Amino acid sequence: MQQLQTSRRFPLSQHTIGPFFPADFFQPTDNDLTRITPDAAPCTNGVPFTLTGSVRKEGHEPVANAILELWQADPAGRFQHPEDPEAAQADPDFLGWGRAWSTDQGVYSFRSLHPGSYTEGGIERAPHLNIVVMGIGLMRNVETTLFFPDYPEANAKDPVLTLLPEDMRHRLVMRDNGMVDGVRSYEFDILLRGSKDEETPFFET
């Protein structure tokens, strides 16, 4: 009996075949942060942009049905969150949160407004986007922060981006694709696993 109890305490392998996300988990405008509801008109109190990219795993194979959640400050640098002391002044027409999913080719997209900078703990943050990725094969969610190429001086001082060695920081800066259909367009590909020279940096939270 003692031997049986000991064997039952032996660590088991962890299964990573889930979670699964049904199609009705998403609404058509979930990836549009400019709308507070599917029927609402897009918020125009800022500069719009689109973010597109792909989610890939080791070997650069596309990851289908990955879920990406993005949150950010409004164009004035405020969050609709109780921990923001200026939350009451946040734009009520800007949700600041959205959810996208990857296609069979691993492609995802968001539409939003340029976030403003703000001060946190006495240190100014560069405009940025926070992204969480979850999906099949991941033991836990992974989180990272994306930065705009438009603010190199602010990026160089950002307390999160500067956690990385200097030669890795460019890997969290989005690519500028210019104007596409009249809207500023950025691109960022997420590599969940790869060599140390190419894998997307993620942060512990």
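Reader: Where is the place of glutamate 166?

Author: Helices are DSSP runs of H or I with at least four residues, strands are runs of E with at least two, and both are numbered from the N terminus. In this predicted model, glutamate 166 sits in the loop between helix 2 (152-157) and strand 9 (175-180). Residues are numbered from 1 along each chain as its sequence is written, and side-chain values use heavy atoms, with hydrogens and water left out. Local features need pLDDT of at least 70 and side-chain atom pairs count only at pLDDT 80 or more, while totals for chains, interfaces and linings use all residues.

Reader: Does glutamate 166 count as buried or exposed?

Author: Buried means under 20% relative accessible area, exposed over 50%, and partly exposed in between (1.4 Å probe, protein chains only). Glutamate 166 counts as exposed because its relative accessibility is 65%.

Reader: And histidine 128, buried or exposed?

Author: Histidine 128 has 3% relative accessibility, so it counts as buried. This histidine 128 belongs to strand 7 (residues 128-134).

Reader: With which side chain does histidine 128 make a polar contact?

Author: A polar contact is a pair of N or O atoms within 3.5 Å; within protein, one must be able to donate a hydrogen and the other to accept it, and residues adjacent in sequence count only if both atoms are side-chain atoms. Here the side chain of histidine 128 pairs with that of tyrosine 118 (3.4 Å). A polar atom of the histidine 128 side chain also lies 2.6 Å from the backbone oxygen of alanine 126.

Reader: How many helices and strands are in the protein chain?

Author: The protein chain has 2 helices and 11 strands.
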